[in-house]
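Subject: A structure for you to look at

Hi there,

Here is the structure I promised to pass on to you. Please open it next to this email, so that you can find each residue as you read.

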Amino acid sequence: MLAEAAFLNAVRDAPRDDAPRLIYADWLSEQPLPSQQAKAEFIRVEIALAALDEGSPEWTSLDRRRRTLRREFHTIWQSPLSRLGATILEYDRGLPSRLGLTPDVLVAADRRLAELAPGWIAATVSGLGST
């Protein structure tokens with residue numbers, strides 16, 4: 001797990017650079033779990049999609065693959081964040097970019113959320129009342 005933390009730290013340190021994400025994907029593809037190998041593919045597919053025009057034939061087939069991977073593995077990928085009370089709402093280039101959470105979760109788990117979802121840039125916070 002220390003190796004994974006180092007890869008995620010590199011992503012967090014350079015959020016717009018694809019190189020750390022691709023290095024992380026390489027490491028994931030060498031891991032034994034199918035969900036890790038699928039996450040590696042998901043990262044690569046999303047990075048490839050970001051570089052293509054939406055109407056191209058390559059984009060269409062890659063988008064289909066992205067949706068298949070997300071449908072099959074999203075619950076597994078989300079489980080560490082779910083234990084903290086957060087939900088992945090969107091991905092960007094293969095990693096969570098928008099989370100759903102409550103104010104209590106944001107305050108209590110802020111550091112851990114940053115470790116598990118280093119690319120997150122937005123959160124939808126529910127349960128905010130006006131006084």
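Below is what was found in it, starting with the overall layout and ending with single residues.

Please keep in mind that this is a predicted model, where local features need pLDDT of at least 70, side-chain atom pairs count only at pLDDT 80 or more, and totals for chains, interfaces and linings use all residues. Residues are numbered from 1 along each chain as its sequence is written, and side-chain values use heavy atoms, with hydrogens and water left out.

**The layout**

The protein chain has five helices and three strands. These elements are DSSP runs numbered from the N terminus: helices are H or I with at least four residues, and strands are E with at least two. Read from the N terminus, their order is α-α-α-α-β-β-α-β. Of the 131 residues in the chain, 39% count as buried (buried means under 20% relative accessible area, exposed over 50%, and partly exposed in between, with a 1.4 Å probe and protein chains only). Among contacts with a separation of 6 or more, 42% come from residues 24 or more positions apart; a contact means heavy atoms within 4.5 Å.

**The helices**

How do α1 and α2 lie against each other? The axes of α1 (residues 2-13) and α2 come within 8 Å and cross at roughly 160°. That makes α1 roughly antiparallel to α2. For these values, axes are lines fitted to C-alpha atoms, for helices over the stretch in contact, and angles run from 0 to 180 degrees between N-to-C directions. Angles under 35 degrees count as roughly parallel, over 145 as roughly antiparallel, 65 to 115 as roughly perpendicular and the rest as oblique. The crossing of α1 and α2 is left-handed, a term for the near helix being turned anticlockwise from the far one by less than a right angle, with clockwise giving right-handed. On the α1 side, the contact includes Phe-7, Leu-8 and Val-11, and on the α2 side it includes Ile-23, Tyr-24 and Trp-27. By class, this contact of α1 with α2 has ten nonpolar, no polar and two charged residues. Here Ala, Val, Leu, Ile, Met, Phe, Trp, Tyr, Cys and Pro count as nonpolar, Asp, Glu, Lys and Arg as charged, and the others, Gly among them, as polar.

Next come α2 (residues 18-29) and α3 (residues 34-50), whose axes come within 7 Å and cross at roughly 150°. These two helices are therefore roughly antiparallel to each other, and their crossing is left-handed. Leu-22, Ala-25 and Leu-28 are among the α2 residues that meet α3, where the partners include Ala-40, Ile-43 and Ile-47. The contact of α2 with α3 has seven nonpolar, three polar and five charged residues.

The axes of α3 and α4 (residues 57-84) come within 9 Å and cross at roughly 145°. This crossing, too, is left-handed. From α3, residues including Phe-42, Val-45 and Leu-49 take part, and from α4, residues including Leu-62, Leu-69 and Trp-77. The contact of α3 with α4 has twelve nonpolar, one polar and seven charged residues.

**The hairpin**

Strands β1 (residues 87-92) and β2 (residues 95-101) run antiparallel and are joined by five bridges; two strands pair if DSSP finds at least two bridges between them. Ile-88 stands opposite Leu-99 in β2, and Asp-92 has Leu-95 as its bridge partner. In β2, six of the seven residues are buried.

Which residue takes a positive phi in this hairpin? Arg-93 does, with a phi near 50°, and the hairpin has two residues between its strands. Arg-93 is not a glycine, and its place is the loop between β1 and β2. At 7% relative accessibility, Arg-93 counts as buried.

Gln-31 sits in the loop between α2 and α3 and counts as buried, at 17% relative accessibility. Leaving aside neighbours within four places in sequence, Gln-31 is in contact with Gln-36 and Gln-37.

Ala-109 belongs to α5 (residues 103-116) and is buried, with 8% relative accessibility. Ala-109 and Leu-84 are 25 residues apart in sequence and 6.7 Å apart in space, C-alpha to C-alpha.

Enjoy exploring!

Best wishes
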